Amino acid sequence: MKILREYKKNNRLTQRDISEIFDFSLGKTNKLLTLLIQEGLLLKSPSGYSLTDQADHVMELYRVDNAIILAAGFGSRFVPLTYETPKGLLEVRGERMIERQIEQLIEMSITDITIVVGYLKEKFEYLIDKYGVKLIYNQEYDTKNNLSTLYHVRHLLRNTYILSSDNYMTKNIFNTYEFESWYSAVKAEGETAEWCLTVDRKDRINRVEVGGVNSWHMYGPVFFSKEFSDQIVPLLEKTYKQPGTEDFYWEDVFKRNLDVLEMYVNRQPENTVYEFESFEELRVFDSTYREQSNNKVLSLISSIFKVSEDEIKDIQPLKLGMTNKSFLFTINEKKYICRIPGEGTEKLINRDEEYSSIKAVIPLNITEHIVYIDSKSGIKISEFESGARSLNINSDMELFQSMKTLNRLHDSNITVPHSFNVEKNILFYEELCTKSGAILFEDYSSVRTKMSELLSILKKMDLPSVFCHIDAHFDNFLVLPNGDLKLIDWEYAGMCDPVIDLSMFALYGNLNPDQIEKLMEYYFDRKPTQEERLRVYIYMALGGFLWAMWAQYKQALGVKFGDYTLIMYRYAKDYYKKSMGILMEETEHEFAKK
């Protein structure tokens, strides 16, 4: 059948051409051509070979029906490029990877093309008009692996190509007709961590192992025959519904069912198929990325450090924060962190105020060494503290150190021209939630009234105002190898009642009442007064309410926070009750004295 496919493409192929294409001897090639003629599938004429009507009819049974391109993922190993552009839309040698594949498919008369999108889904919309493709959104793209992606298009699986948007083929390996299911494979030289294949005499895959030596391994596009699709769909459905499969690839389903899923290896020559595993690999393949990536962040770093872009090395994504995106990079063997503000941040954070706060706190030497900060864009570059880790809130020593660090900050006599006003921020976030269509809690109105009660209580107090961090999350305390502490991320810092930092620390650390009591004793060097305890509890309630709304606004923009809103909102309710309990005790105490 594959010989018929070649003659359908080009009826002027000679016997020697066929021999070279399939690596057959001329003798074997002659026998096969004679057999095809005898079976009424091939005609020989002075001008060459051509397919009979019967052959054309048989070939149509093997016509590729469609193609599915998986393009939902983030592409973390390509930051900062993928902060702006999905990996599949990056250009390689002047062509976008996904467009090159689409055009290769269309060249083979495959026009029914579906792209499964997720991250930055809007960026792919133009492809509908340019190529007539269809888009399907996988809303689980950021919580599950590609098993989920394929599951959501399982109804489209027939004689189907499965592609990754970030593959690049130097030549077109697709066909109008395919006769068996296959997985593209390349040969690894030496050790590899790829999914390695073992095959039988007919090249059917009968074993898949992660890791191997000098092995053929999965690499690039896949083809599902109609029979294969019919068999794998129920297996995809069954596996998808099982708990604990969030990190599964669809290949895990294949690997676990090799006895019933018939797929063959499709060996590709060297330098034919590329799956760029990192930005560094892309730079090696496409020299333009060494000179100019057209990425504004890399261009900025290049300008600040006065180096060419190819001197910015070892780029690695860091865990996405709730507010920002950050990545690690190296220049001249020194490591740095670049912070890029996240979605909607420009409405939440006053970058001029952050800039003012950082400038004010630098002389205290309790924060990271900042190389660059832009008060307009919010981009910040700081030196990476090698060997540093986040604070361990279960360590009494580190809890004590963190409170002493806050003491030092609050006693520093630093002043800045801006303050953190809880009431104004609640009103501000309420407005943002309303404008963005954020879904508020069912009992929001009654809880909002309770928060107003707490604000009224604070207004009656003679509150101190000092320079506060406000976002005193335990992750913002870095423990250096020598045991020293650094306090980072000053986006919300401003003048406020100092105990608000204790409240936020307790809130973020999900501390229990005993831990909160210990926290206050470490901070005050004594047991807190009832008024101090009351202020801590009130700010915990107000902070829980405030950050719940903050997260609801961010969720309305498409950012996911899991159960964060539930936890914060519960703090608002619980610590309102505790605050009221203290006030009731004080009232009863005053009544008893009278």
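1. A disulfide is a pair of cysteine sulfur atoms within 2.5 Å. By that criterion the structure holds zero disulfides. The sulfur of Cys496 has its closest cysteine sulfur in Cys468, 5.3 Å away, which is too far for a bond.

2. This is a predicted model: local features need pLDDT of at least 70, side-chain atom pairs count only at pLDDT 80 or more, and totals for chains, interfaces and linings use all residues. Residues are numbered from 1 along each chain as its sequence is written, and side-chain values use heavy atoms, with hydrogens and water left out.

3. Buried means under 20% relative accessible area, exposed over 50%, and partly exposed in between (1.4 Å probe, protein chains only). Cys496 is buried at 8% relative accessibility, and Cys338 is buried at 0%.

4. Helix 21 covers residues 530-556 (helices are DSSP runs of H or I, at least four residues, numbered from the N terminus). Its 27 residues reach 39 Å from first C-alpha to last, close to the 39 Å expected (1.5 Å times one less than the number of residues). Of these 27 residues, 23 are buried, so helix 21 is largely enclosed by the rest of the structure. Gly558, with a positive phi near 105°, follows the helix.

5. A nonpolar core is a set of buried Ala, Val, Leu, Ile, Met, Phe, Trp, Tyr and Cys residues joined through side-chain atoms within 4.5 Å. The largest has 88 residues, of which Phe505 and Trp547 touch the most other members. Helix 21 supplies the largest share of this core, 16 residues. Apart from it lies another core of 31 residues, including Ile162 and Phe254.

Definitions and conventions: Helix = DSSP H or I, 4+ residues; strand = E, 2+ residues; numbered from the N terminus.
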